[in-house]
Amino acid sequence: LELYVIPKPNLNLNKHPMTQKQIDREFLRQYYHDLVDELEEIFEIFVEETPKEISQLNMLFAQNKFREGGQLLHKIIPSFTNVGLPHLSAQLKQVERQLDPEEKDYTIMQIQKFEAEFKEYMPDIMNELGRLKSLHAA
């Protein structure tokens with residue numbers, strides 16, 4: 001009986017990066033009809049405000065401030081649809097429906113999971129903002 005050592009596969013994820021997640025540009029075209037100035041402003045506000053608001057959500061729920069956290073959550077839900085990410089708005093609506101101070105850890109986990117997914121879209125959001133600015137400058 002011979003034993004063979006099977007080498008472990010190289011799981012270096014940096015060598016094979018995941019495909020970047022992208023916003024739904026067709027949705028944006030249908031929603032805004034190529035209103036470049038308005039869309040540029042929406043993206044600028046989104047980039048400036050939304051990452052801070054997501055971080056603030058984590059803090060509020062960690063401090064058991066479910067009323068304030070719920071209000072902020074409700075406020076930012078449409079922001080994701082406005083930048084071509086309606087499925088992320090739907091995810092936040094689900095989190096909002098399930099808010100329960102008795103389930104604080106679950107809520108925080110859901111927000112952190114959402115934040116991680118949201119960050120995967122930021123490079124494409126920034127690319128789109130740059131594209132909109134270049135169209136505006138032209």
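## Helices α3 and α4

Helices α3 and α4 pack with their axes 7 Å apart and at an angle of about 160 degrees (axes are lines fitted to C-alpha atoms, for helices over the stretch in contact, and angles run from 0 to 180 degrees between N-to-C directions; helices are DSSP runs of H or I with at least four residues, numbered from the N terminus). The two are therefore roughly antiparallel to each other, a label given to angles over 145 degrees. The crossing of α3 past α4 is left-handed, meaning that the near helix is turned anticlockwise from the far one by less than a right angle.

Residues of α3 including Leu73, Ile77 and Phe80 meet residues of α4, among them Leu88, Leu92 and Val95, where contact means heavy atoms within 4.5 Å. By class, this contact of α3 with α4 has nine nonpolar, four polar and two charged residues (Ala, Val, Leu, Ile, Met, Phe, Trp, Tyr, Cys and Pro count as nonpolar, Asp, Glu, Lys and Arg as charged, and the others, Gly among them, as polar).

## Basis of the model

This is a predicted model, in which local features need pLDDT of at least 70 and side-chain atom pairs count only at pLDDT 80 or more, while totals for chains, interfaces and linings use all residues. Residues are numbered from 1 along each chain as its sequence is written, and side-chain values use heavy atoms, with hydrogens and water left out.

## Helices α2 and α3

Helix α2 (residues 36-62) and helix α3 (residues 66-82) have axes that come within 9 Å and cross at roughly 150 degrees. That makes α2 roughly antiparallel to α3, and α2 passes α3 in a left-handed crossing. The residues of this contact divide into twelve nonpolar, six polar and three charged.

## The loop at proline 101 and helix α5

Proline 101 lies in the loop between α4 (86-97) and α5 (104-137). Leaving aside neighbours within four places in sequence, proline 101 is in contact with Asn64 and Phe66.

In α5, a kink of about 35 degrees lies at tyrosine 121, shortly before proline 123 (the bend at a residue is the angle between axes fitted to the seven residues ending there and the seven starting there).

Key
Parallel < 35°, antiparallel > 145°, perpendicular 65-115°, else oblique.
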